[in-house]
Amino acid sequence: EDPKVAPQAGTPTFNDRQRKVLRFVLEGLSNKEIAWRLQISESYVKAILQSLFQKTGVRTRGQLVRVAVEQYEDQL
């Protein structure tokens, strides 16, 4: 295998902001609370969540929590 090939599409990595939002979702915070804690807009929180949904292949917060705990614990 070529070592220059990126990781499989099935193993997404999260940037720092995505990790922070995901941790707050795992704590049960609302979008509004996450926005306040990170000093960003609520719409930006929603955009980050959409990117997390897309990266992990889920459609809901509940699914995101389950997948994050089961598959991405090392990135949290």
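At 62% relative accessibility, Lys 32 counts as exposed. The model is a predicted one. Lys 32 sits in helix α2, which spans residues 31-38.

- The buried residues in α2 are Asn 31, Ile 34, Ala 35 and Leu 38.
- Viewed down the axis of α2, these buried residues fall within an arc of 100°, so they line one face of the helix.
- An α-helix has 3.6 residues a turn, so residues three or four places apart point the same way.
- Lys 32 and Trp 36 are exposed on the other side of α2.
- The cover over the buried residues of α2 includes α1 (16-26), α3 and α4 (61-71).

**Around the end of α2**
- Lys 32 and Glu 42 are 10 residues apart in sequence. Their C-alpha atoms are 5.7 Å apart in space.

- Lys 55 has 33% relative accessibility, so it counts as partly exposed. The partly exposed class lies between under 20% for buried and over 50% for exposed.
- Leaving aside residues up to four places away in sequence, Lys 55 touches Pro 12, Thr 13, Phe 14 and Gln 18.
- With one of these, Gln 18, Lys 55 makes a polar contact, side chain to side chain, at 3.1 Å.
- Lys 55 and Pro 12 are 43 residues apart in sequence, yet 6.1 Å apart in space, C-alpha to C-alpha.

Technical notes: Residues numbered from 1 in each chain as written. Predicted model: local features only at pLDDT ≥ 70, side-chain atom pairs only at ≥ 80, totals over all residues. Heavy atoms only, no water. Buried < 20%, exposed > 50% of the residue type's maximum accessible area, 1.4 Å probe, protein only. Contact = heavy atoms within 4.5 Å. Polar contact = N/O pair within 3.5 Å; in protein donor to acceptor, adjacent residues only side chain to side chain. Helix = DSSP H or I, 4+ residues; strand = E, 2+ residues; numbered from the N terminus. Arc of directions from axis to C-beta.
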